[in-house]
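Hi,

Here is the structure I promised to pass on to you. Have a look at it first, and then read my notes below.

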Amino acid sequence: MNHNTPLSSDTSLPHTTPQAPPPGGRVLTTAQLRAQGVRPADALAAARPGGPWQQLLPGVFLLRPGPPTSDERLHAVLLYAGRPPLARVPRQGASGRTETGSPYGDAVLTGFAALALHGFSSAPPLLSLDRIDVLVPRTRRLRSVGFAGLVRTQTLPAPQWITGLPVAPAARALADAVADLDSHARSGESDGSGDCETVRRLLTEAVRSGSCEPAALVAELTRARLLGRPQVSGAVDALRAEGRLIAEDRLYRMVREYGLPDPLWNVDLRLPGGPHLGGVDAYWPDQAVALELDTGSAGRLPDGFDETADDWREHTRRREHLERLGITVVHVPPRRLREAMDEQAAVVRTALMASDEREPAAYVMVLPR
């Protein structure tokens with residue numbers, strides 16, 4: 001839709017017609033109309049049944065008859081929800097600064113609408129959505145109404161701008177979509193029979209497409225307190241397995257494409273006649289270098305998770321034990337393999353080259369796992 005197309009004149013419209021529509025095109029708020037000389041009473045009169053305009057949401061008008069497009073519905077929800085709050089809330093982001101300057105205030109699209117904008121094929125089409133969810137500050141006093149679903153949050157995520165619209169990151173949008181499914185199941189609106197499959201499809205597509213890492217997804221599901229839900233727990237197990245397969249494939253590709261020596265893949269290390277030292281994803285015995293993918297293998301949680309104290313102590317103890325034996329342990333986060341494979345290859349190469357300068361490592365048995 002061309003958002004800059006001037007409105008055509010129509011003698012049936014209010015006396016003063018807006019001539020330069022903002023980003024929403026023909027979707028304007030009462031305040032925007034008033035700023036262009038249209039009184040609220042005239043806008044309401046034009047939106048009566050059979051009139052040239054229509055009121056999509058309280059205080060939000062579509063300046064033409066006929067069903068709104070998916071684009072117009074999205075703009076209407078953002079304009080309805082994005083009214084300036086009493087107090088601004090912080091956004092998550094690397095800069096730590098509050099985002100400003102959005103024509104939609106603090107409103108950020110989330111849930112299934114956001115997933116559709118992210119290009120998820122497993123998300124319903126925008127026009128089929130009965131409700132469009134939008135994140136707003138916890139202090140916002142507006143209520144959900146019509147096709148606008150307000151989701152209050154203590155901390156807003158920094159939006160990604162897609163086709164000129166503020167959209168929650170894929171991991172957050174997916175968690176909010178799953179929460180919506182869960183609320184319908186708990187309220188009796190759904191029997192939940194199809195929710196497990198829907199969640200599984202969404203999580204799998206998110207990982208396979210590279211939209212987000214498994215750790216980020218599970219962290220968002222944990223934040224939303226959804227991991228214990230039946231339709232989520234099974235899907236998360238499949239997600240972890242899927243994420244590990246993808247990370248292993250990238251690791252194999254890194255070794256091949258960057259000319260690293262071939263390691264022994266997926267092996268257990270053990271002292272002769274002694275204790276089990278743990279499993280590693282790759283091991284170069286001549287250089288005594290072990291590599292571990294931070295995907296939850298060997299009893300650890302994926303990179304970026306909140307591990308329990310026992311998990312962390314065991315992980316630290318095992319790593320320190322290997323290093324005391326002279327074995328260098330390289331940890332590779334799957335996210336870094338995806339975003340900077342060359343850097344990870346350089347880290348491994350440096351560890352292999354440094355082996356000549358170290359004391360010889362203790363002899364360990366290498367067994368398949």
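Gly 82 counts as buried because its relative accessibility is 11%, where buried means under 20% relative accessible area, with a 1.4 Å probe and protein chains only. Gly 82 sits in the loop between helix H3 and strand S4 (91-92); helices (H or I, at least four residues) and strands (E, at least two) are DSSP runs, numbered from the N terminus. Leaving aside neighbours within four places in sequence, Gly 82 is in contact with Tyr 104, Gly 105, Asp 106, Ala 107 and Arg 140, contact being heavy atoms within 4.5 Å. From C-alpha to C-alpha, Gly 82 and Pro 103 are 8.0 Å apart in space, although 21 residues separate them in sequence.

A word on the source: this is a predicted model, in which local features need pLDDT of at least 70 and side-chain atom pairs count only at pLDDT 80 or more, while totals for chains, interfaces and linings use all residues. Residues are numbered from 1 along each chain as its sequence is written, and side-chain values use heavy atoms, with hydrogens and water left out.

Three strands form an open sheet: 3 strands in the order S1-S3-S2, with antiparallel pairing; two strands pair if DSSP finds at least two bridges between them. Strands S1 (27-29) and S2 (54-57) are at the edges with a single partner strand each, so one side of each has no neighbour in the sheet. S2 pairs with S3 (residues 60-62) over 3 bridges, and Gln 55 has Phe 61 in S3 as its bridge partner. Helix H3 (residues 70-81) lies across S1, S2 and S3 and runs at about 15 degrees to S1. Here axes are lines fitted to C-alpha atoms, for helices over the stretch in contact, and angles run from 0 to 180 degrees between N-to-C directions.

S12 runs antiparallel to S11 (residues 264-270), joined by 6 bridges, and Leu 269 stands opposite Gly 278 in S12. These two strands form a hairpin with 5 residues between them, and Gly 273 in the turn has a positive phi of about 70 degrees. S12 also pairs with S13 (residues 289-293) in the antiparallel sense over 3 bridges. That hairpin has 4 residues between its strands, with Ala 288 in the turn at a positive phi of about 55 degrees.

Enjoy exploring!

Best wishes

Conventions: Buried < 20%, exposed > 50% of the residue type's maximum accessible area, 1.4 Å probe, protein only.
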